[in-house]
Amino acid sequence: MAHPQQLGFQDATSPLMEELLHFHDHALMIVFLISAFVLYIIVAMVTTKIYDKYILDSQEIEIIWTVLPAVILIMIALPSLRILYIMDEVNDPHLTVKAMGHQWYWSYEYTDYEELGFDSYMIPTQDLAPGQFRLLETDHRMVVPVESPIRVLVSAEDVLHSWAVPTLGVKMDAVPGRLNQTAFITSRPGVFYGQCSEICGANHSFMPIVVEAVLLECFENWLSLSLQDL
């Protein structure tokens, strides 16, 4: 959960988000080193009055400042490509949930179970219980088991939406007439919040996403109670 004056990302709750955080730190450190080196060169050029013809006109220097940026780009590109391939992999999911975007709410269908589905609306501010978050709580949460591969099929019925949960490292566009898929694994129990990340209309900021990760026994109990209510 994000908090005021937070500078970094939210704490990772999935292996994918942990990889993204590591890549962010890796790239940021390279940017810091480059910035410090460029600042040193600028200060040195402004303050010193010593000139050397072998520095101003040198094939070796030109080779270094051509090869070195290429090496730095490779150091950034290879981990990035690795994460891109990891994000596209969907290996033997234990549960499939279809998330359908509407103006302006989400509906969820557990495709492994017949007729198990519900709409998820934002709870109005006046109806919030103590401890609940404004503009983020929903009347029905998407419940998933912990440490299980979850596949999410994302689509929309009217306009473009985007199903995004930052702490899980998941963001997938919901396009009308098209079925996109993404996957995640929650590494610990908890309640994780997200919002539609596509400007979809007047109430774009009023269709939050709440994913509740519970232990497998608790998920089975919730599943049996939900099927009985149908």
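**Exercise 1. Find how many aromatic pairs a search of the whole structure gives, then classify the pair of Phe118 and Trp222.**

Let's take it in steps.
- A search across the whole structure turns up eight aromatic pairs.
- In the pair of Phe118 and Trp222, the ring centres are 6.5 Å apart and the planes stand at 90°.
- Planes over 60 degrees apart count as edge-to-face, so this pair is edge-to-face.
- Phe118 sits in strand β3 (residues 117–120) and Trp222 in helix α4, 104 residues apart, so the pair links distant parts of the chain.
- Ring pairs also join these two into a cluster with Tyr108, Tyr110 and Phe219.

Keep in mind as you work that this model is predicted.

**Exercise 2. Decide whether Phe118 and Trp222 are buried or partly exposed.**

- The cut-off for buried is under 20% relative accessible area.
- Phe118 has 14% relative accessibility, so Phe118 counts as buried.
- Trp222 has a relative accessible area of 22%, so Trp222 is partly exposed.

**Exercise 3. Describe where Gln10 lies and how far it is from Gly169.**

- Gln10 is in the segment before α1 (15–47).
- Its relative accessible area is 16%, so Gln10 is buried.
- In sequence, Gln10 and Gly169 are 159 residues apart; in space, they are 9.8 Å apart, C-alpha to C-alpha.

How values were computed: Residues are numbered from 1 along each chain as its sequence is written. This is a predicted model: local features need pLDDT of at least 70, side-chain atom pairs count only at pLDDT 80 or more; totals for chains, interfaces and linings use all residues. Side-chain values use heavy atoms; hydrogens and water are left out. Rings of Phe, Tyr and Trp (its six-membered ring) pair if their centres lie within 6.5 Å; planes under 30 degrees apart count as stacked, over 60 as edge-to-face and the rest as tilted. Helices (H or I, at least four residues) and strands (E, at least two) are DSSP runs, numbered from the N terminus. Buried means under 20% relative accessible area, exposed over 50%, partly exposed in between (1.4 Å probe, protein chains only).
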